[in-house]
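I opened this structure to see what sits inside it. My notes follow, in the order I looked things up.

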Amino acid sequence: MSATTSIPLPVTHHRTTKVGGLEIFYREAGPADAPVVVLLHGYPSSSHMYRNLIPALADRYHVIAPDLPGFGLSAMPSREAFTYSFASYAEIIDALLEQLGARRYALYVMDYGAPTGFRLALRHPERVTALITQNGNAYEEGLQAFWDPIKALWADNSPERRDAVRPFMTLEGTRSQYVDGVKDVSRLDPAAWLHDQLFLDRPGNIEIQLELIYDYRNNVVLYPKFQEFFRTYQPPTLIVWGANDNIFPAEGAKAFLRDLPNAELHLLDSGHFALEDKADEIVPLMRDFLARHLQA
């Protein structure tokens with residue numbers, strides 16, 4: 001290759017638009033007429049977690065990665081002004097995609113992005129062209145010991161039960177989500193958890209997160225509906241899962257195969273935020289999968 005040969009690098013645009021009266025931030029890249037891939041982030045991150053994935057897909061796909069309200073650079077209205085729930089998140093993302101003209105899309109879901117994205121699938125099953133789940137749970141098998149204090153909170157939403165989960169939202173708790181289960185932490189960018197914590201530490205945000213943790217019980221109630229969607233529509237599905245994740249362990253990944261026997265399962269030697277240290281494995285798997293299932 002000549003030293004003067006240029007390699008085109010997709011440009012990521014950072015945009016804000018109003019959806020349902022709220023300012024919603026999103027990252028967007030790729031050809032406007034290409035197949036759409038929507039990236040839905042997990043707790044406690046934002047579209048920032050996809051900062052490296054977006055340019056790795058945007059040469060072929062129209063990539064959209066929003067920040068949920070209360071996360072990242074999207075609005076953080078008060079709990080009195082906005083109902084912080086996964087049902088509300090699905091409504092916001094549905095309206096955003098309508099606004100952007102995304103009528104059919106592949107969904108990449110991680111952590112909180114899973115119940116948000118699977119609610120979208122229940123609303124518009126005909127719009128979902130493919131699923132990629134990276135430690136995005138939809139099965140009881142994925143809720144093990146880590147969830148015991150949260151299940152206690154679901155049963156008794158008292159100040160004492162809420163206080164029991166507050167340490168999870170400290171810098172130490174946030175860092176642990178990134179480093180636990182990772183063999184080579186030098187692959188991790190420490191700025192990732194510092195970025196997340198910056199937004200968690202905003203006045204009022206911890207109470208918002210507690211509302212969402214309590215509301216997560218309603219996702220579990222919907223697990224049978226999510227599973228029915230999988231069985232009925234059989235969307236092409238790629239499962240790329242950090243096998244050492246103690247939040248959503250590998251049993252949750254394997255459970256998808258009950259309802260999606262043709263799903264492609266890859267258990268990676270990583271933790272919860274597997275994309276942070278295993279992008280060199282996940283990106284080729286995604287590009288191969290999407291090339292086979294999305295029509296250009």
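I started with the contacts of Asp67. Leaving aside neighbours within four places in sequence, I found Asp67 in contact with Ile24, Phe25, His41, Ser46, Ser47, Gly72, Leu73 and Ser74. The model is a predicted one. I placed Asp67 in the loop between β4 (62–66) and α2 (86–99).

Next I checked its charge partners. Asp67 is buried, yet I found no salt bridge for it. Arg27 has the nearest side chain of opposite charge, 5.1 Å away. A salt bridge needs a nitrogen within 4 Å of a carboxyl oxygen. I did find a polar atom of the Asp67 side chain 2.8 Å from the backbone nitrogen of Leu73.

Then I turned to the nonpolar cores. The largest has 59 residues. Which of its residues touch the most other members? I noted Tyr105, Leu107, Phe118, Tyr216, Phe230 and Phe256. Helix α8 gives the most to this core, with 10 residues. A second, separate core has 35 residues, including Ile54, Val63, Ala65 and Leu290.

Beyond four places in sequence, Phe230 is in contact with Phe118, Leu131, Ala138, Tyr139, Pro235, Phe256, Asp259 and Leu260.

How values were computed
Residues numbered from 1 in each chain as written. Predicted model: local features only at pLDDT ≥ 70, side-chain atom pairs only at ≥ 80, totals over all residues. Heavy atoms only, no water. Helix = DSSP H or I, 4+ residues; strand = E, 2+ residues; numbered from the N terminus. Buried < 20%, exposed > 50% of the residue type's maximum accessible area, 1.4 Å probe, protein only. Lys, Arg positive; Asp, Glu negative; His and termini not counted. Polar contact = N/O pair within 3.5 Å; in protein donor to acceptor, adjacent residues only side chain to side chain. Contact = heavy atoms within 4.5 Å. Core = buried A, V, L, I, M, F, W, Y, C linked by side-chain atoms within 4.5 Å.
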